[in-house]
Amino acid sequence: MGESQLTDNKYVRYFCYVMLFELFLMGSGQDLPLPGGLTMRWLFFFIGVGASIVMFIRSDDFPKAILTFLLVYTIQMLIGWMLAFTFDSEMSYLMVDFKPLLYFYIVLFFYYIMTSELMIKKVVDIMLLCVKIMTVLYLIYMTLTDILGLFSMTGENYHTVDDSGSFMFRGVGSSLFYKGFVYLPIGALGFFWRKQYVWMVLSIIAIYFTYTRGLYVLLVFGLLAFYLKTHEVNIIKIVGLMLVVLLLYEIADVFEVFTFDDTYLENREESDSVRLITTEQVFDRITWWSFLFGHGFGQGVPERPAHMEISYLDIFHHQGIFGLSFWLALFYAILKYGNTAAEKYKEEAAFFMTAAMMIYLQSCFNPYINNSIGMSIVLLAFVICYRLSQDEYFTNRSTV
């Protein structure tokens with residue numbers, strides 16, 4: 001079976017649909033455990049990587065950009081391992097840092113499977129379906145608890161609800177934060193693009209009830225960036241948009257839409273304090289060598305032995321400027337390929353570019369680009385924008 005037959009095989013594509021559904025809906029992926037310490041997400045990962053290796057061997061399509069990024073990524077991963085052993089990192093912490101970064105290797109599977117307009121449409125369809133499910137379930141939950149008061153799930157402070165840490169009380173009534181909620185503002189953007197305004201409004205309401213500043217910022221940034229990218233915008237329209245945003249903010253302030261109780265504000269101050277302390281401890285440990293290549297995997301700081309809240313701080317501490325430069329180069333590549341896509345794919349490219357930008361922005365507050373939740377969107381944006389910019393490799397032959 002040749003590469004084209006593999007990528008067009010309906011079972012391979014159906015597998016991709018299931019993989020994407022799990023990615024977009026199941027947050028960190030820890031809530032679907034399998035025997036032996038494996039999870040469903042990692043099972044899908046190994047199958048996908050195995051399939052991509054077969055496709056690569058049998059293919060005459062060698063995407064230089066994809067392979068170059070894979071090579072550089074592998075080099076920096078090896079440096080991280082060597083430094084970990086040099087500084088005698090504890091194996092448990094080493095694996096905590098290293099394991100999420102392995103998900104980058106799914107990029108080749110995404111490349112070989114994204115060969116048609118229909119596949120790109122399916123990616124968006126599946127994402128929006130998952131956002132609809134999260135939106136409906138969360139609004140039902142908040143209606144039954146805080147609005148109707150049929151039962152209470154009040155959490156006075158930040159604390160996780162489940163063993164995997166996927167759900168966390170926000171400290172405001174019964175509100176929860178779910179790691180997969182990062183897709184809510186991206187979904188709202190998708191609904192705006194597809195003119196599904198009822199779903200857009202519902203997803204925005206769900207975002208409001210998460211009481212999460214980062215998601216509010218993502219929503220406004222994503223909608224504004226996408227609109228500016230897909231419309232001919234002059235200075236009058238820009239000023240008009242700014243005035244509308246200011247008016248909405250004033251209305252929200254009058255009705256105390258964003259006035260939260262003292263517990264929530266105290267929690268936010270504590271969270272900000274942790275980020276500040278972590279940043280100071282990282283900077284205090286900088287050497288000329290760590291500035292370039294980091295301290296290696298498994299080397300944390302007292303405040304955060306693993307999983308620093310700010311993705312870029314975590315990457316810099318473990319992999320230095322070399323690691324940060326890689327993610328910056330990937331971001332540049334997404335914008336470059338997205339901006340050179342054919343005119344007929346302008347909106348598709350704009351959507352995935354904006355989605356990637358939203359993940360990069362959210363990673364300033366929480367760890368997303370360096371694990372499968374956010375990395376999957378970045379890799380899909382990279383592959384799809386690359387495909388859209390390479391007409392000779394992009395067809396619409398699939399009937400699946």
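Colleague: Which helix contributes the largest share of the lining of the largest cavity?

Modeller: Helix 12 (residues 262–284) does, with three residues; helices (H or I, at least four residues) and strands (E, at least two) are DSSP runs, numbered from the N terminus. The model is predicted, so local features need pLDDT of at least 70 and side-chain atom pairs count only at pLDDT 80 or more, whereas totals for chains, interfaces and linings use all residues. Residues are numbered from 1 along each chain as its sequence is written, and side-chain values use heavy atoms, with hydrogens and water left out.

Colleague: By class, which residues does the lining of the largest cavity have?

Modeller: Four are nonpolar, one is polar and two are charged. Here Ala, Val, Leu, Ile, Met, Phe, Trp, Tyr, Cys and Pro count as nonpolar, Asp, Glu, Lys and Arg as charged, and the others, Gly among them, as polar.

Colleague: Why is the contact of Glu309 and Arg304 called a salt bridge?

Modeller: The term requires a side-chain nitrogen of Lys or Arg within 4 Å of a carboxyl oxygen of Asp or Glu. Glu309 and Arg304 meet at 3.5 Å, N to O, so the pair qualifies. The count by this rule is five salt bridges.

Colleague: Which residues are linked in a network of salt bridges?

Modeller: The network links Lys121, Asp125 and Arg194. Asp125 bridges to Lys121 with the closest N and O atoms 3.0 Å apart; both lie in helix 7 (residues 117–147), four residues apart, about one turn of the helix. Arg194 and Asp125 meet at 2.4 Å, N to O. Arg194 lies in the loop between helix 8 (183–193) and helix 9 (197–208) and Asp125 in helix 7, so this pair ties together parts that are 69 residues apart in sequence.

Colleague: Why is Asp125 called partly exposed?

Modeller: Buried means under 20% relative accessible area, exposed over 50%, and partly exposed in between (1.4 Å probe, protein chains only). Asp125 has 24%, so it is partly exposed. Lys121, at 44%, is partly exposed, as is Arg194, at 27%.

Colleague: How many aromatic pairs does the count come to, and what makes the pair of Phe15 and Phe109 edge-to-face?

Modeller: There are 44 aromatic pairs. The centres of the Phe15 and Phe109 rings lie 5.8 Å apart and their planes stand at 75°, so the pair is edge-to-face. Rings of Phe, Tyr and Trp (its six-membered ring) pair if their centres lie within 6.5 Å, and planes under 30 degrees apart count as stacked, over 60 as edge-to-face and the rest as tilted.
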